[in-house]
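Please examine the sequence and the structure shown below before reading the dialogue.

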Amino acid sequence: MRAGGGAARGVLALALLRRCLLLGPLGLRPAGGQDGDGCGHTLLTPHSGTLSSKNYPGTYPNHTACRWRLRAPPGTSLLLAFGDVDLEPSERCARSSLLLADPQAGTAYGPYCRNASPATPLLVTNSSAVTVLFNSTSHRSGRGLLLSYATSQHPDLVSCLVRGTHYTQEHVSVYCPAGCKDIDGDIWGNPSQGYRDTSVLCKAAVHAGVIADELGGQVTLSREKGITLYESAFANGLHSKRGSLSEKRLIFHKACDDALEVAAFNASSWWHEVDALGQDRAWVAERAALGTAGHSWAAEPGAEAAWLELDLGTRRNVTGIITKGSSEQYDYYVTSYRVSSSRDGKNWRPYRGSGGQEDKVFEGNADSHGEVSNAFIPPIVARYIRVTPQSWHQRLALKVALVGCQLARVRAPRPYVPSVPKEVPVPTSHPASRTPIPGIALDPEKAGSTLLVMLLIGGFVLLCSSLLLLAFLCHRKRKPAVELNCGITKGYPKLESSQVCSLQSLPPPGSALASFPTAAAPGDLSQIHSPEYAEPDLVQVSPSSQTGPSTFKPLLDEGYTLPLVVSHYDVPGKYHEYAEPLPPEPEYATPFSEPEPTGTHRSPCGITGLPGSPPVRYDAPTPRPGELPAGELPPWGLGGTYTAPRAERTVSPGGDVPSPEESRFQLGHRPLSPVYHEAL
């Protein structure tokens with residue numbers, strides 16, 4: 001049964017083919033690439049094209065037929081993409097059918113109908129000529145057929161009905177056939193924002209100006225994150241719709257699409273308007289720039305063959321034009337225009353598009369405030385662009401902008417010169433003589449290893465030298481460990497290498513000690529343990545005696561050097577720093593004291609200090625009972641206030657220190673710098 005059905009279908013296909021080719025009972029009349037009364041939208045080019053049945057996508061009529069002859073350039077074969085085949089089903093597709101045949105080779109594909117659809121959406125043939133036959137009889141339903149074709153050079157051919165949602169990858173590259181502009185299908189968006197991913201892909205590419213509908217071409221796009229709202233626009237003869245949020249949007253990649261700067265505007269005439277209030281308004285050519293606020297350029301009323309000229313300053317590659325009406329205040333705009341170009345401003349060439357037969361008329365604006373884009377495919381290479389309006393609304397008014405890019409500099413190809421092979425010398429047992437390098441004798445076979453060894457040796461020597469230099473600097477800069485410990489412990493540098501850093505090992509001071517009397521013996525201050533005062537660490541010596549420790553920075557001639565900081569762990573706290581000496585003024589610190597017993601009273605008493613200095617008062621604690629011998633009063637009296645007597649410091653010629661009785665309450669001519677510890 002299946003074999004018999006296949007044979008019967010083949011016989012029917014050959015009968016239909018013979019019937020169509022002989023132009024028999026169907027009554028077909030030759031009309032170039034198509035014949036018959038059942039042909040719908042058709043655009044056939046040598047490289048690609050699109051064809052459909054009559055009334056597509058509506059119901060195709062009864063008792064109609066159409067024949068399309070497709071032919072590819074020599075050396076190529078045809079690819080056919082089935083966009084839609086919706087013919088009323090019947091046994092062996094007897095009522096309505098689609099048949100593809102190669103009359104020269106005697107091969108046929110089909111017939112196809114709704115219950116016998118093509119197995120794959122893309123049919124690859126081995127022929128450069130294919131005849132498409134469509135036949136219909138009485139039927140009730142069916143949209144008809146939509147078919148596209150291209151040559152074997154474009155294996156990524158797609159149908160005009162393919163949408164962006166058919167792809168999942170981020171970057172897409174397909175070949176769109178010619179003739180998809182007038183196929184039913186919606187698009188949402190505009191070239192600047194992008195298009196909703198539910199838009200018909202090839203139709204959106206025509207709207208964006210990527211391809212020309214009469215040529216088709218390769219389309220490259222990317223699927224990016226969708227936006228909330230897609231604005232509508234009119235471009236390249238197509239209206240897009242306003243769309244809502246989508247998951248993805250289509251962004252077409254178009255090279256050479258930058259705004260071109262216009263050096264000068266010129267026009268055949270301009271309108272000098274005087275309004276009802278008597279105010280002048282000049283609609284000059286300079287107001288034709290698209291970004292100009294307010295009114296636009298307008299030709300003088302009654303002027304014939306008005307034109308607007310744009311000077312780009314130099315030759316540019318112009319790929320498109322954008323036009324706009326006067327403004328929202330004035331309802332003036334141009335509905336159609338032609339474009340011509342010139343390289344010198346004298347000889348003008350009209351733009352005819354890809355067809356090249358007639359001057360192309362571009363569709364203009366439909367209102368006075370919207371922008372309309374039109375692409376130049378192929379682009380215009382010129383310096384001067386002239387726009388000649390063909391029709392307008394109320395008054396000839398226009399704003400213009402051009403898009404494109406700089407003209408690429410193409411170098412003339414150099415003439416081909418065949419290369420002559422050079423003779424390669426045959427190596428002999430005796431190598432050729434080489435020019436020796438003075439001072440260095442290298443074996444060519446071991447030159448690489450010798451050079452590596454020399455570099456390693458040089459690097460090792462450099463590293464050792466750096467380490468030795470660093471060690472030398474550290475030795476000169478850093479102090480011995482004993483001096484550093486001494487400085488940290490007592491706050492002053494070591495006086496002699498043999499001396500130990502301790503208070504008991506310091507030499508007897510040559511100056512008087514500024515202290516307050518207690519019950520202990522005044523001769524040994526280090527053994528005094530007073531509850532009111534802490535033991536002073538530093539003493540002041542006279543110039544004639546041995547230098548005592550100090551918190552002030554020593555002079556450079558005394559052997560002091562700055563500590564060397566090797567790492568960030570050395571500071572702070574590891575090495576002490578010296579402070580600058582205070583000005584030579586008497587400064588006294590108030591010692592800590594215990595709370596006063598109940599019933600005691602302090603009477604202030606002036607202390608006589610250095611000459612010219614104001615009197616300074618010290619509050620001294622009242623001695624407890626039993627601390628002083630019977631009958632002996634403290635020097636500051638019973639009131640608790642001590643007045644320092646004015647006295648000059650005397651030193652014996654031998655450098656001896658005065659007795660404690662003489663120097664207990666005497667202040668020398670040099671200020672003292674006692675340091676007190678906090679009470680333990």
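The questions that follow concern a predicted model.

Student: Which residue stands opposite L98 in β9?
Tutor: Strand β6 (residues 96–102) runs antiparallel to strand β9 (residues 129–136), and six bridges join them. Within β9, the residue opposite L98 is F134.

Student: Which residue takes a positive phi in the hairpin of β6 and β7?
Tutor: β6 and β7 pair in the antiparallel sense over four bridges. D102 has T107 of β7 as its bridge partner. Four residues lie between the strands of the hairpin, and the one with a positive phi, near 75°, is G106.

Student: Are the ring planes of W283 and Y332 stacked, edge-to-face or tilted?
Tutor: Planes under 30 degrees apart count as stacked and those over 60 as edge-to-face. The ring centres of W283 and Y332 are 5.9 Å apart and their planes lie at 50°, so the pair is tilted.

Student: How many residues apart in sequence are the parts that this pair ties together?
Tutor: Both W283 and Y332 are buried. W283 belongs to strand β21 (residues 280–283), whereas Y332 lies in the loop between β23 (308–324) and β24 (333–342), so the pair ties together parts separated in sequence by 49 residues.

Student: Which residue has its charged end over the ring of W271?
Tutor: W271 is linked by ring pairs into a cluster with W283, Y330 and Y332. At 3.8 Å from the centre of the W271 ring sits the charged end of R395.

Conventions: Residues numbered from 1 in each chain as written. Predicted model: local features only at pLDDT ≥ 70, side-chain atom pairs only at ≥ 80, totals over all residues. Heavy atoms only, no water. Pairing = 2+ DSSP bridges. Helix = DSSP H or I, 4+ residues; strand = E, 2+ residues; numbered from the N terminus. Phe/Tyr/Trp six-rings, centres within 6.5 Å; stacked < 30°, edge-to-face > 60°. Buried < 20%, exposed > 50% of the residue type's maximum accessible area, 1.4 Å probe, protein only. Lys NZ or Arg CZ within 6 Å of the ring centre and 35° of its normal.
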